[in-house]
Amino acid sequence: MKKILITGSLGQIGSELTLKLRKEYGINNIISTDIREINNEITKDGIFETLDVLDVDKIFEISKKYNVDTIIHLAALLSANGEKNPKNTWDINMGSVLNCLEVSRELNLKLFVPSSIAVFGNNTPKDNTPQNTIMRPNTMYGVTKVSGEMLCDYYFQKFGVDTRGLRFPGLISYMTLPGGGTTDYAVDIYYKAIEDKKYNCYIDENTYMDMMYMPDALNAIVNLMESPKDKLINRNAYNISSMSFSPKEIYLEIKKHIKDFEIFYDVDPIRQNIANSWPNSIDSSCAEKEWGFKFDYNLETMTLDMINRISKKLNKES
Ligand code: AKB
C-alpha cells in the first residue's frame, strides 16, 4: 500500500486507523474521507475530503486526484442501528461496497472491506465457529456482510480485483465511541465504571461474544493488506478474534481495579436476540496460517489499558 483512501475516517475504526497509517505510511499518503466534517485532528492535520460513499463519481474523482492504490472501506451501518431501517441498511452497505468494487476494478486498486461475526446466525455452530460454515444471519447488517463477502469474491474471481476482508468481532477502543452495534456495551461499560461506578447492561450477564482491542484490529488490517497475494485462500473474509467474554466476566475484570463498581441488567430484547444468534467464540486458525494473524491483548491487559486511557481522557476534558 502506498496511497490509501479511507472511507468512514471519523468512525470508531477509521479515526484510529487514519492516525496509525499517517504515522506508518506518511501524512501525505493517507486520504481520509467521511460524510461528516467535524473539527478534529483527522480533518485538520492531514488530507481530508468529504465523501458520501453512495456517490461513485466522487470516489473515482478522489482516487484519481490522489493517485490512490488502495481503498479501505469502513463506512457502514452496524447491527442494532441497521435493524431500525433495514432497506436503508441494505442500500448504504451494499451500494457503497459495489461502488468501491467498481472503482477498484476500473483503476486497478486493492480493496479492504470489513466483514463481521454478524455473518453467522442461529444455525451456525456456536463454539470455535469454523471459517467455512453455515452463514444464515438474522440481521440486515449480517445479510449485507455475507453479500459483501460474496461480491468481493466475485470481483476477485471475475475481474482479478485484489479484495481482502476480516470478520471483525466487537471492537473495544477509547478514542471514538462505536455507533449502533450489539457489542457496544463492552466499550460503554468502561466509561460508566469510571464516571458513575455503575452500569446498566442491555445484554444478559451470561452471553458470550467475540471481542478484540483496537490496536490488534488495526494491526490485523495492515498485516492482511501487506501479505503476499498468493498466500491468501480465504480472502473474503477471515475469522479473527482475540477474546470471548460475557458481561459478567468483563464486569469482574473491571471490578478488580474499581472496587465499588456495580452492574445491573436491563436486557434489550432486540440486541439480546442479535447477540444470541452470534457465535460464543470463533476459530481464527485460517487467518493465523494464511497471513500470520496474531494479537497482543487479552481481557486483563486490555482492561488495564482502557481504564488508564479513559481516566486520562476524562480528566483532560473536565
Ligand atoms: C456490531 O455489534 O454490530 C459490530 C459487529 C460485531 O460487527 N460491532
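Reader: Does Tyr251 count as buried or exposed, and at what relative accessibility?

Author: The model is predicted, so local features need pLDDT of at least 70, side-chain atom pairs count only at pLDDT 80 or more, and totals for chains, interfaces and linings use all residues. Residues are numbered from 1 along each chain as its sequence is written, and side-chain values use heavy atoms, without hydrogens and water. Buried means under 20% relative accessible area, exposed over 50%, and partly exposed in between (1.4 Å probe, protein chains only). Tyr251 therefore counts as buried, at 13%.

Reader: How many aromatic pairs are there?

Author: Rings of Phe, Tyr and Trp (its six-membered ring) pair if their centres lie within 6.5 Å; planes under 30 degrees apart count as stacked, over 60 as edge-to-face and the rest as tilted. By this rule the count is 10.

Reader: What is the geometry of the pair Tyr213 and Tyr297?

Author: The ring centres are 4.8 Å apart. The planes stand at 75°, so the pair is edge-to-face.

Reader: Which of these two tyrosines is buried, and which is partly exposed?

Author: Tyr297 has a relative accessible area of 22%, so this residue is partly exposed. For Tyr213 the value is 0%, so the buried one is Tyr213.

Reader: Which ring has the charged end of Arg271 over it?

Author: A charge sits over a ring if NZ of Lys or CZ of Arg is within 6 Å of the ring centre and within 35 degrees of the ring normal. The charged end of Arg271 is 3.6 Å from the centre of the ring of Tyr202.
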